[in-house]
Amino acid sequence: MSELSAEGGHGAVPLKDVPTGQGVTPPEPEWPLYEVFVRGKRGLNHVHVGSLHAADDRMALLHARDVYTRRNEGVSIWVVRADAITASSPDEKDPMFAPSGDKVYRHPTFYDISDNVPHM
Amino acid sequence: MTLTETPPDRELEAGFEATIARNDRIEPRDWMPEGYRRTLVRQIAQHAHSEIIGMQPEGSWITRAPSLRRKAILLAKVQDEAGHGLYLYSAAETLGVSRLELTELLIAGKQKYSSIFNYPTLSYADVGTIGWLVDGAAICNQVPLCRTSYGPYGRAMIRVCKEESFHQRQGYELLATMMRGTDEQRAMVQESVDRFWWPALMMFGPPDDASPNTAQSMAWGIKRHTNDELRQKFVDMSVPQAEALGVTLPDPELRWNEERGHHDFGQPDWEEFMEGVKGNGPCNAQRMAHRRRAHEDGAWVREAATAYARKQVSA
Ligand SMILES: [Fe+2]
Ligand SMILES: [Fe+2]
């Protein structure tokens, strides 16, 4: 019996001997990928919620509304072409974040203030 | 800034394992073992396919819903399943596969979807039973996946789980309404439950002793419980729900085991299950043909939208 895992969500799916499609170029050109950001309510930042494909910006917005805000999850949506995003390397040990790692004096807890000083 | 030397694979692997051991999440651009990546792609892509194919059995009842209220509910439910598929394709894509290619693999029959959707929906009671039992089983599978080790997958699952609760409750409420109706309606509910109970148990996959790779998936934090553990949990949850509804679950071996603190129950027909996986289930061909047709019939829409977008840019 080939192995099937319950974690197919709506039912078990086989996890062996199934092609993954990695490194394969699809037969028709794909619409560009957009990353979607939603502001949950006034006063909050936009937060990344996922991605989708669309032919143009306007379609991306409409699809984002249908896919990510079916239950009042948002009051504002940003869509950004994924290829327009510049990202840092994900590694925490990356030298990128070294400048902030050794500056403990940037945090309020660095300073000893005697307990009898109120409101600080 | 000096560029750090690319560390050897062993160091990368140690970093990956430390992240898993800390119960931290792996994120898309992190290094990960090829086996982990492949397992995730298969699992997430086929989970997505299941959501998409899963629209069909219930979708066929939308135009024949018994009331406007039921029609609006069913429409919203089926639309949610489309959304689930899209959240999951979005997560799969972060692993370096093209969404369009995944669709190609589905309609070529090379990647699979859950066999539960190869059973026909013969009456409107099936809409209720699917919500109660099929979405109920999906909840058992998906809640632990909210803590799965791959970040985008876990986040997609959190969104999905919030919506599944509506799916299960609307189904149960539909059945409860029918159970308060005529004898004929009660018989329809029982008949529907009789047909879906065993396929629902099959949703958790073959027994653990037939799943040698479960340990690897669990070590990677992709899988949180074994197939049998999830199935047991589902049975224990469903028994009191069936009682409250007033239906009988069609398993003569089903009984409470005081010692174990769980219900004992019979095994589904695994041969029938494997036939479904191989593509020989009652509705496999129909589901695949419908999906293929939808993709092919939509080609001109995709082309037109592409042409329009190009025109906007050059204008
Ligand atoms: Fe779903
Ligand atoms: Fe659902």
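Helices here are DSSP runs of H or I with at least four residues, and strands are E runs of at least two, all numbered from the N terminus. The model in these views is predicted, with local features needing pLDDT of at least 70, side-chain atom pairs counting only at pLDDT 80 or more, and totals for chains, interfaces and linings using all residues. Residues are numbered from 1 along each chain as its sequence is written, chains are lettered from A and ligands numbered from 1 in the order in which they are written, and side-chain values use heavy atoms, with hydrogens and water left out.

View 1. K278(B) is exposed at 55% relative accessibility, while E275(B) is partly exposed at 33% (buried is under 20% relative accessible area, exposed over 50%, partly exposed in between, with a 1.4 Å probe and protein chains only).

**View 2. The two sides of α11(B).** W270(B), F273(B), M274(B), G276(B) and V277(B) are the buried ones in this helix, residues 270-278. They cover an arc of only 155° around the axis, so they end up on the same side of α11(B) (the arc is that of the directions from the helix axis to the C-beta atoms). Over on the other side, E271(B) and K278(B) are exposed. Just past the helix, G279(B) takes a positive phi of about 105°.

**View 3. Iron ions where two chains meet.** Who holds on to the iron ion (ligand 1)? Its protein donors are H10(A) (NE2), E51(B) (OE), E81(B) (OE), H84(B) (ND1) and E164(B) (OE), at 2.1 to 2.5 Å (donors are N, O and S atoms within 2.8 Å of the metal, or 3.2 Å for Na, K and Ca; water is not among the atoms, so sites may look incomplete). E81(B) also bridges to the iron ion (ligand 2), the two ions being 3.3 Å apart. H10(A) is buried at 2%, and E164(B) is buried at 0%.

View 4. D80(B), in helix α4 of chain B, pairs with R70(A) at 2.9 Å, N to O. R70(A) lies in a loop of chain A, so this pair joins two chains. D80(B) is buried, at 1% relative accessibility. R70(B) forms a salt bridge with E173(B), again with closest N and O atoms 2.9 Å apart. That pair links helices α4 and α7 of chain B, so it ties together parts 103 residues apart in sequence.

Key: Salt bridge = Lys/Arg side-chain N within 4 Å of Asp/Glu carboxyl O.
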